[in-house]
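Let us walk through this structure together, one part at a time. Keep the model in view as you read.

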Amino acid sequence: MRTPLIAGNWKMNKTLDEALAFARYLGEHAPKNGVETLICAPAPLLYSLADALAGTRVALGAQNMHHEAQGAFTGEISAAMIKDTGATYVILGHSERRQLFGETDASVNRKTICALKEGLTPILCCGESLEEREADRTTEVIKAQVISGLHGIAEADVTKVVIAYEPIWAIGTGKTASSADANEVCAAIRGIISDLYSDKAAESLRILYGGSVNTDTVKGLMAEADIDGALVGGASLAAESFHSLTTF
Ligand SMILES: O=C[C@H](O)COP(=O)(O)O
């Protein structure tokens, strides 16, 4: 049985005051029973948010990290630093990181290995561009990203990974993939895990959908057999909206 996960990705949004007001709201409004909820916040907010969210059933995550444990990497943060804040998740290989900051399948793989080593839960993102979808290359692209992202990770660890399928054309555009289309790709990802590892691993690994998820679309997406949750950008920024998503 896979526990549903509704994860908010705040991206580069919110001051400390705004984040604390959001946490206060979540403290007063519990998520649906049996649903895990998560906020992935900008790094400077993590320590304060960990305190503010203590006792709320809302987990905390970072949005990126470096693949080395420490060293001369100005401006970067490590897995151990994230763990120190009290955060337990980290988003890796988001398409914005790949497109705007030059992340590659190889660097995302190194980060995933490093996060697991530190005991963080990686949310490994994959997704095709509009051009790739129109050329009928979705499965091929996703397969390459998933295989590279998980390279060298043993079966005992792979079930700790969460995979987020986020078609690039649906991110921040208001265009959501239909529930059926999103489920088809998530099912294909589960098939890839089964081929790489085992049916058992594929059955226990959680797969999220992301891309313009909102309070109108979340229920349909969550009703699909292979979608275990959502990675939400825009609709996670207002506390009321995020809370409604967690009570789908
Ligand atoms: O990580 C979240 C995704 O990029 C989705 O963002 P969005 O919900 O604003 O489309």
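Valine 90 has proline 122 of strand β5 as its bridge partner. The model you are looking at is predicted, so local features need pLDDT of at least 70 and side-chain atom pairs count only at pLDDT 80 or more, while totals for chains, interfaces and linings use all residues. Residues are numbered from 1 along each chain, as its sequence is written.

β4 and β5 run parallel and are joined by four bridges. Strands here are DSSP runs of E with at least two residues, helices are runs of H or I with at least four, and both are numbered from the N terminus. Two strands count as paired if DSSP finds at least two bridges between them. In general, strands of a sheet pair through backbone hydrogen bonds, either parallel or antiparallel.

On to the next pairing of β5: four bridges join β5 to β6, and these two also run parallel. Here isoleucine 123 has valine 162 in β6 as its bridge partner. Is strand β5, residues 121-126, mostly covered or mostly open? Five of its six residues are buried, so β5 is mostly covered; a residue is buried if 20 or more other C-beta atoms lie within 10 Å of its own, exposed if 12 or fewer, and partly exposed in between, with C-beta atoms placed from the backbone.

Now step back to the whole sheet. A closed barrel of eight strands runs β1-β2-β3-β4-β5-β6-β7-β8, with parallel pairing. Neighbouring strands of this sheet are turned by 25° against each other on average, direction ignored. For such angles, axes are lines fitted to C-alpha atoms, for helices over the stretch in contact, and values run from 0 to 180 degrees between N-to-C directions.

Let us follow the chain from β1. Strand β1 (residues 5-9) pairs with β2 in the parallel sense over five bridges, and leucine 5 stands opposite glutamate 36 in β2. Right-handed means that, with the strands pointing away from the viewer, the path from the first strand over the helix to the second runs clockwise. Strand β2 (residues 36-40) is largely enclosed by the rest of the structure, because four of its five residues are buried.

β2 also pairs with strand β3 (residues 58-62), in the parallel sense and over four bridges. Leucine 38 has alanine 59 in β3 as its bridge partner, and isoleucine 39 has leucine 60. The chain crosses from β2 to β3 through helix α2 (residues 46-53), in another right-handed β-α-β crossover.

Where does the record place the "active site"? The unreviewed UniProt entry lists His94 and Glu166; positions follow the numbering used here, feature names are shortened, and annotations may be inferred rather than shown by experiment. Although spread over 73 residues of sequence, they cluster in space, with a largest C-alpha distance of 8.4 Å. Histidine 94 sits in the loop between β4 (89-92) and α4 (95-101), and counts as buried because it has 28 C-beta neighbours inside 10 Å. Glutamate 166 lies in the loop between β6 (162-165) and α9 (179-196). Glutamate 166 is buried too, with 27 other C-beta atoms within 10 Å.
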